[in-house]
Amino acid sequence: ITAALHTFQQGIPYQDLTLLMAQLVMTSSCLKLGTRINGNPFTDWEVPLNLYGIDVGPSGAKKSPLVKAIFTKPAEEIRHQLSRVNAERFEAWELECKAKKQNKPLRPVALLHTTNDYTAEALADQLAAHEGSGMSLLVLRDEVAALFDSLGKYKQGGKGSGGDEQQLLEIFDGEGFNSIRCSKGRAYERCHVSLYGGIQDEVLRRLIASGDANGKWARCIFVPLPEMTYQLPTFTPEGRQQRKDAERQLQSIATSLWQQAPRPYELDDDGITL
C-alpha cells in the first residue's frame with residue numbers, strides 16, 4: 001500500500017497524511033457490515049470501523065485527482081460485481097411481479113458502493129437494503145459543505161428538520177433506525193457508513209463558528225490539503241508501468257477486502273495502552 005501511494009506522489013506531491021487518510025476511508029468503505037473493533041474488552045467498547053475524513057484546503061488543491069486515484073479506480077471491480085448482483089435482483093423481482101396479480105413485491109433498492117448525494121429517507125432505505133446484503137456504504141462528496149448545508153432542506157415546505165443531521169450523527173456509531181412516518185416504514189438494526197470529501201478553510205470556519213454542541217464536527221477527521229502549484233511530470237515507459245501497477249495493487253486490495261467475511265477485531269495490549 002505504501003509503495004502504491006508513493007507512486008501517486010510522483011505525479012502530484014500530496015502529503016503522506018493526505019494519502020493515508022484517503023486510503024483509510026477507502027479501506028473502511030470496502031469492509032462488510034459487522035466488521036468491528038473492540039477498543040477495550042473489559043468495557044466492551046466495540047465500534048464499527050467507519051471514518052468521516054475531510055480534506056481542508058483552497059480550490060485548486062487537487063482533490064479530484066486524489067479521489068480518482070484512491071476511490072474511483074480501486075472500486076471499479078466492486079462496482080462491476082454490484083452491477084451483476086443488481087441485475088439479478090431486478091430480474092428476479094420482475095419475474096415475481098409477473099407471477100402475481102396482486103400483492104406484488106416492492107421494487108428492490110439498487111445496492112451501491114458509493115453515493116454522492118442523498119435524502120434522509122432515501123439513505124434509510126439504502127441502509128436497510130445494505131443490511132440485508134451485509135454491505136457498507138461510502139458517501140463521497142467533492143464539496144462536503146453542500147452536504148451539510150442541505151441537511152433538512154428536502155422536507156415539505158422547505159422548513160427543514162433536525163432529523164437529517166441527527167441521522168448523520170447516529171450512523172457514525174453504526175446504530176439502527178426504526179421509523180413509522182411513512183406507509184411502508186423504514187428500519188435497519190445496524191449500518192456501516194463512511195464519508196469523504198473536501199472543504200475550503202473559509203467555509204469550514206463559517207460552519208464551525210457556532211460551536212459543536214452535538215459533536216458533528218468531532219466525528220470528522222480533518223486533514224490539511226495545501227494549495228499546490230507544480231510542474232506536470234513527465235514519465236518514462238517504466239514510470240507509466242509503475243503507475244499502472246500501483247493502480248492494480250490498490251484495486252486488488254479493495255476487491256480482496258470486499259470479499260472478506262465480517263469479524264470483530266481487538267487491539268493488542270500495546271494498542272490498548274496507547
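M228 counts as buried, with a relative accessibility of 10%, where buried means under 20% relative accessible area, exposed means over 50%, and partly exposed lies in between, using a 1.4 Å probe and protein chains only. The residue lies in the loop between β9 and α9 (237-259). M228 is 62 residues from Q166 in sequence, and the two are 36 Å apart in space, C-alpha to C-alpha.

This is a predicted model, in which local features need pLDDT of at least 70 and side-chain atom pairs count only at pLDDT 80 or more, while totals for chains, interfaces and linings use all residues. Residues are numbered from 1 along each chain as its sequence is written, and side-chain values use heavy atoms, with hydrogens and water left out.

**The protein as a whole**

The protein has ten helices and ten strands; helices (H or I, at least four residues) and strands (E, at least two) are DSSP runs, numbered from the N terminus. Its radius of gyration is 20 Å, close to the 19 Å that the globule rule gives for 274 residues, so the protein is as compact as a globular protein of that length. That radius is taken over C-alpha atoms, and the globule rule is 2.2 Å times the number of residues to the power 0.38. The C-alpha trace spans about 65 × 45 × 45 Å along its principal axes.

Of the 274 residues, 42% count as buried. Among the contacts with a separation of 6 or more, residues 24 or more positions apart account for 74%, a contact meaning heavy atoms within 4.5 Å. The protein exposes about 15,400 Å², of which carbon and sulfur atoms supply 52%; these areas come from the Shrake-Rupley method with a 1.4 Å probe, and for residues only the protein chains shown count as cover.

**Two open sheets**

Strands of a sheet pair through backbone hydrogen bonds, either parallel or antiparallel. Here two strands are taken to pair if DSSP finds at least two bridges between them.

Another open sheet is formed by three strands in the order β2-β1-β10, and its pairing is mixed. The strands β2 (45-48) and β10 (264-266) stand at the edges with a single partner strand each, so one side of each is left without a neighbour in the sheet. Strand β1 (residues 36-40) pairs with β2 in the antiparallel sense over four bridges. These two strands form a hairpin with four residues between them, and D44 in the turn has a positive phi of about 55 degrees.

| Residue | Opposite residue and its strand |
|---|---|
| R36 | P48 in β2 |
| I37 | V47 in β2 |
| V139 | L195 in β8 |

**Cysteines**

How many disulfides does the protein have? The count comes to zero, with a disulfide defined as a pair of cysteine sulfur atoms within 2.5 Å. For C191, the closest cysteine sulfur is in C220, 15 Å away, which is too far for a bond. C191 is buried, with a relative accessible area of 4%, and C220 is also buried, with a relative accessible area of 8%.
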